[in-house]
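User: I have a structure open and would like to go through it. Can we start with a single residue?

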Amino acid sequence: LVIISSNNTCRFSIRMGFLFFPLHPLMMIFMLVITFYLKWFNLMKNMEPKRRGIFRGALTQFLFALLLLVVLIIAMIPVGFAVARLTPSEDCSPFKGKETMLSIIAELIDSIGNYKIQELIKFLVSSGFLIPLNTAY
């Protein structure tokens, strides 16, 4: 479970880092690969399996799903805050001159001429559609 939770943390860090620091994902992938092989080597050389299992399969699956849900919720909070509230850098940013990173989406939708397509896109990027979609993933 430690490798899985560090993998989820690393995936969040890669997505967040790509938005603010383009070399960060490369550094995190490198760190994840090194950590994985160090833990694998430690497991193969120093550990031996127990005679009886402590957890049953259903309990382990539930704990894993609960861990993933907690990591997802924790990961969504700072990303949502950064995208919706923080002002982008004026010096070097693909969003410079915008009030927030989210405001560029509204400008792109408004630039589409067809009203029905605008409404469809607004529905597809609304929280009522994306939150259930994200939790199903």
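User: Where is the place of T100?
Analyst: T100 sits in the loop between α3 (57-84) and α4 (103-111). Helices here are DSSP runs of H or I with at least four residues, strands are runs of E with at least two, and both are numbered from the N terminus. This is a predicted model, where local features need pLDDT of at least 70, side-chain atom pairs count only at pLDDT 80 or more, and totals for chains, interfaces and linings use all residues. Residues are numbered from 1 along each chain as its sequence is written, and side-chain values use heavy atoms, with hydrogens and water left out.

User: Is T100 buried or exposed?
Analyst: T100 is buried, because its relative accessible area is 13%. Buried means under 20% relative accessible area, exposed means over 50%, and partly exposed is in between (1.4 Å probe, protein chains only).

User: What is T100 in contact with, leaving aside neighbours within four places in sequence?
Analyst: T100 is in contact with V83, A84, R85, L86 and P88. Contact means heavy atoms within 4.5 Å.

User: Now Q118. Which helix is that in?
Analyst: Q118 is in helix α5, residues 115-124. Q118 counts as buried because its relative accessible area is 12%. Apart from neighbours within four places in sequence, Q118 is in contact with I109, D110 and I112. A polar atom of the Q118 side chain lies 2.5 Å from the backbone oxygen of I112.

User: How many salt bridges does the structure hold?
Analyst: The structure holds one. K98 pairs with E107, and the closest N and O atoms are 2.9 Å apart. A salt bridge is a side-chain nitrogen of Lys or Arg within 4 Å of a carboxyl oxygen of Asp or Glu.

User: Why does K98 count as partly exposed?
Analyst: K98 counts as partly exposed because its relative accessibility is 22%. E107 is also partly exposed, at 42%.

User: Different topic. How many residues does α2 have?
Analyst: α2 has 23 residues. From first C-alpha to last, α2 reaches 32 Å, close to the 33 Å expected at 1.5 Å a residue. The expected span is 1.5 Å times one less than the number of residues.

User: Which residues of α2 are buried?
Analyst: The buried residues of α2 are H24, P25 and M28.

User: And the protein overall, how many helices and strands?
Analyst: The protein has six helices and zero strands. Of its 137 residues, 14% count as buried.

Notes. Polar contact = N/O pair within 3.5 Å; in protein donor to acceptor, adjacent residues only side chain to side chain.
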